[in-house]
Amino acid sequence: MTPAVMSDPRDDLVDRIYEAAVLPELWSAVLTDLASYGGADAAVLFTADLDSSRFVTTPNFADSILAYIEEGWFARTDRTRRLLAKRHAGFVTDLDVFTPEEFAREPVFREFLIPRGFGMGAASVINVPTGDQLIFDIERVIERGPIPPDAVARLDSVRPHLARAATMSARLRMQTVRAAAQALETVGLPVAVLGRKGRALAMNQSCERLLREMIHDGPRLVLADPAADRLLVRALIELSTEANASSRSIPLPSRGDQPATVLHLLPIRRAAADLFAAAEAIAVFTPLTAKHVPGLSVLEGLFDLTAAEARVARGIAGGSTIAGLSVEFGTSPATVRSQLKAVMSKTGTARQAELVQLLAGASLPVP
C-alpha cells in the first residue's frame, strides 16, 4: 500500500488565511490555528488605532479582550505603543519590548493577563491600503513560559501571507466602496463614502463638483461652511464612539453656483468581524432647489424630523406663528415652541427666518 501523505500544517494554515481574505467571518478560526502554529493558546486581531469596536478574537480570549476594553487597558499600558515603536517586519515578543524588570512591574501583566492565566505574547503590525495598521497578537498561558524563538520563526514564515491576505481584503472592500458611490451617480446624487475620522475614501463625479464650493478634501471631509462643519465634526465623533449612532442631517448654505443643500450622514452597518471594511458612513448631498416648502414626508426624511416636528417646520415656513400652530394642532404654545426648538437644532438654524429660507431652497446668509 502507498503510505498516506501527511499535509503540512503550514500549508493548511496558509490556505485558510487566504480563504479569510474573501470571507472575513473565517478570521476567528484562522486565529485559533495561528495561535496553535505559533505555540500559543489564544489570539486577537485588532486595529492599531485602538478602536475598541474593531477586533476579532479566538473564542477562548473573547471575555478577556472585552474586559481589557471595558477596564481601559489600552490607555493604561504602553504595550501596543512599544510594539508600534519597534517597527519590526515580523513578530515581536513581550520580552523584546520589555526588560525582565519592566515585565515584572508592568500592571497589564500583573493585574490583568496573569490573573487570567495568560501573560506571554507575540505580535506583528501589518499596514493595509486603507491607511489602517492591523495587529496580529497571540497570547500564551503564563505556565508555559515565554514564546520560544522557533515559534516566532514559524509565525514569521506565515506573516507575508497574513500581510497579503489583509491587503487583498482591504482592496476588495475599497472596490465595493467605490462601486457604491458610482452607483448613486446614476440617480444624480452627489455621494462621498467616508472612512474612520471622516476621511473621504471615494466620491462620485457629482460630489467632486461640490469641491469647488461646498466641501474640501483633506485628512477628512471638510465643509466650507464653518457652522455646518462643526455639526459634521460632532456627527463624526458620535459615529466613532456610539455603537448605535443614527443618521444625521446637516444643512449647508448656498455658495457660489450651489444651492442650499442638506448633507445626510448615513452610518454603514457592517459585520463586527470585518476589520477590513474601512467605510464608516455614506455622505449624501441633497440640493434644495425647489422654490416652495417641501412636503411633510420630505421634511421628515431630509432632516430626521418626527412627524410633529415636520408639521411645525412646514407651518413656520408657510408663514404661521407659534400661537396659530398651537390652535391648529390643538396643543399648547409651549409644546409648539419645544418642537420648533428641536427643528432648528436638527436643521442647524438659529433664527426662524433662516429656517424659512432653508426650507424654501433660498440662499442662507453666509457667516
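Is Arg144 buried, partly exposed or exposed, and what is its relative accessible area? Arg144 is partly exposed, at 41%. Buried means under 20% relative accessible area, exposed means over 50%, and partly exposed lies in between (1.4 Å probe, protein chains only). The views below come from a predicted model: local features need pLDDT of at least 70, side-chain atom pairs count only at pLDDT 80 or more, and totals for chains, interfaces and linings use all residues. Residues are numbered from 1 along each chain as its sequence is written, and side-chain values use heavy atoms, with hydrogens and water left out.

**View 1. Arg144 and Asp41 meet in a salt bridge.** The N to O distance is 2.9 Å. A salt bridge is a side-chain nitrogen of Lys or Arg within 4 Å of a carboxyl oxygen of Asp or Glu. The structure holds 11 of these bridges. Arg144 sits in the loop between S5 and H9, and Asp41 in the loop between H2 and S1, so the bridge ties together parts 103 residues apart in sequence. Helices (H or I, at least four residues) and strands (E, at least two) are DSSP runs, numbered from the N terminus. Asp41 is partly exposed, with a relative accessible area of 28%.

**View 2. Arg79 and Glu139 form a salt bridge.** Their N to O distance is 3.1 Å. Arg79 belongs to helix H5 (residues 79-86) and Glu139 to strand S5. The pair links distant parts of the chain, 60 residues apart.

**View 3. Arg154 and Asp150 pair up within helix H9.** Their side chains meet in a salt bridge of 3.3 Å, N to O. The two are four residues apart, so about one helical turn separates them. An α-helix has 3.6 residues a turn, so residues three or four places apart point the same way. Arg154 is partly exposed at 28%. Asp150 is partly exposed at 46%.

**View 4. The largest nonpolar core has 32 residues.** Such a core is a set of buried Ala, Val, Leu, Ile, Met, Phe, Trp, Tyr and Cys residues joined through side-chain atoms within 4.5 Å. Which members touch the most others? They are Trp27, Leu34, Phe136, Ile138 and Leu162. At least two residues each come from H1, helix H2 (27-37), strand S1 (42-47), strand S4 (118-127), strand S5 (133-141) and helix H9 (149-185). H9 gives the most, with nine residues. In soluble globular proteins, nonpolar side chains tend to be buried together.

**View 5. Leu134 in strand S5 is buried.** Its relative accessible area is 1%. Leu134 and Leu45 are 89 residues apart in sequence. In space, they are 6.9 Å apart, C-alpha to C-alpha.

**View 6. Val22, Leu23, Met168 and Leu172 form a nonpolar surface patch.** Together they have about 310 Å² of accessible area, computed by the Shrake-Rupley method with a 1.4 Å probe; for residues, only the protein chains shown count as cover. Patches are made of residues with over 30% relative accessible area and no salt bridge: like charges are joined within 9 Å, and nonpolar side chains (Val, Leu, Ile, Met, Phe, Trp, Tyr) within 5 Å. Leu172 lies in helix H9. At 34% relative accessibility, Leu172 is partly exposed.

**View 7. Asp8, Asp11, Asp15 and Glu19 make a patch of negative charge on the surface.** Lys and Arg count as positive and Asp and Glu as negative; His and the chain ends are not counted. The place of a charge is NZ of Lys, CZ of Arg, CG of Asp or CD of Glu. Asp8 lies in the segment before helix H1 (9-22). Asp8 is partly exposed, at 36%.

**View 8. Arg87 has a positive phi of about 50° although it is not a glycine.** Most residues other than glycine have a negative phi. Arg87 is found in the loop between H5 and strand S3 (92-93). With 77% relative accessibility, Arg87 counts as exposed.
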